[in-house]
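This report describes selected features of one protein structure. Please consult the sequence and the coordinates alongside the text.

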Amino acid sequence: MKLLNYLTLIFLFIATTGHTADLNLTGTLSSGGHYINGSIETQGTTVINSGIEVDLAAQTTITFQPGFSVAEGGYLWATASPDTDGDLILDVIEERSGCQNYQLPDTDGDGLIDSAEDTNKNGILELALNET
């Protein structure tokens, strides 16, 4: 498949918002991440240009429809990951953030589930968002 010549599948953590429904991507994508407790699907012409880095993580599936392309020098990281503990943060996101036990919905034992502390569900402590 010609696309794989330009596509590098590895993991990178990029801060962005988390989602809890299905996500459809189309058009020219900007650098950043999309983490969703559902599925991700491209529609129509969806392009990652040179110098653009996109990180996709979905709980169920990631589907690339005809019309999807990654230009030479563009990067895509994609993984399907469960949410084993049901805290609305994907296991892969918790693992990337250094979580020792992603099977516990309250990994720090303070009585708040992880998604209540990480409101955008990206695995990064962001004090500007009043995350704990």
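Helices and strands are here taken as DSSP runs, a helix having at least four residues and a strand at least two, and both are numbered from the N terminus. The model is predicted.

## The loop between strand 8 and helix 1

I89 is placed in the loop that runs between strand 8 (75-80) and helix 1 (91-96). With a relative accessible area of 3%, I89 counts as buried, because the cut-off for that class is under 20%. Leaving aside residues up to four places away in sequence, I89 has contacts with N37, D83, E94, D114, S115, D118 and K121. I89 also lies 8.4 Å from Y35, C-alpha to C-alpha, although 54 residues separate the two in sequence.

D83 is found in the loop between strand 8 and helix 1 as well. The relative accessible area of D83 is 9%, and D83 is therefore buried. A polar atom of the D83 side chain lies 2.8 Å from the backbone nitrogen of L88. Beyond residues up to four places away in sequence, D83 touches N37, Q59, L88, I89, L90 and D91.

## Aromatic pairs

Two aromatic pairs are found in a search of the whole structure. F64 and F68 form a tilted pair, with ring centres 4.6 Å apart and an angle of 35° between the planes. F64 is partly exposed at a relative accessible area of 34%, whereas F68 is buried at 10%.

Y75 and W77 form a stacked pair, with 5.9 Å from centre to centre and 25° between the planes. Y75 has a relative accessibility of 35% and counts as partly exposed, while W77 is buried, with a relative accessible area of 5%. The stacked label follows from the angle, because planes under 30 degrees apart are classed in this way.

## The largest pocket

The largest pocket holds about 350 Å³ of space. Its lining consists of 18 residues, and those closest to the pocket centre are S97, T107, D114, D118 and G123. By class, the lining comprises five nonpolar, seven polar and six charged residues.

Technical notes: Residues numbered from 1 in each chain as written. Predicted model: local features only at pLDDT ≥ 70, side-chain atom pairs only at ≥ 80, totals over all residues. Heavy atoms only, no water. 1 Å grid on protein atoms, 1.4 Å probe; cavity = no way out; pocket = protein on both sides within 12 Å on 5 of 7 lines; lining within 4 Å. Points joined across faces, edges and corners; volume = space filled by probe spheres on them. Nonpolar A, V, L, I, M, F, W, Y, C, P; charged D, E, K, R; others polar. Buried < 20%, exposed > 50% of the residue type's maximum accessible area, 1.4 Å probe, protein only. Contact = heavy atoms within 4.5 Å. Phe/Tyr/Trp six-rings, centres within 6.5 Å; stacked < 30°, edge-to-face > 60°. Polar contact = N/O pair within 3.5 Å; in protein donor to acceptor, adjacent residues only side chain to side chain.
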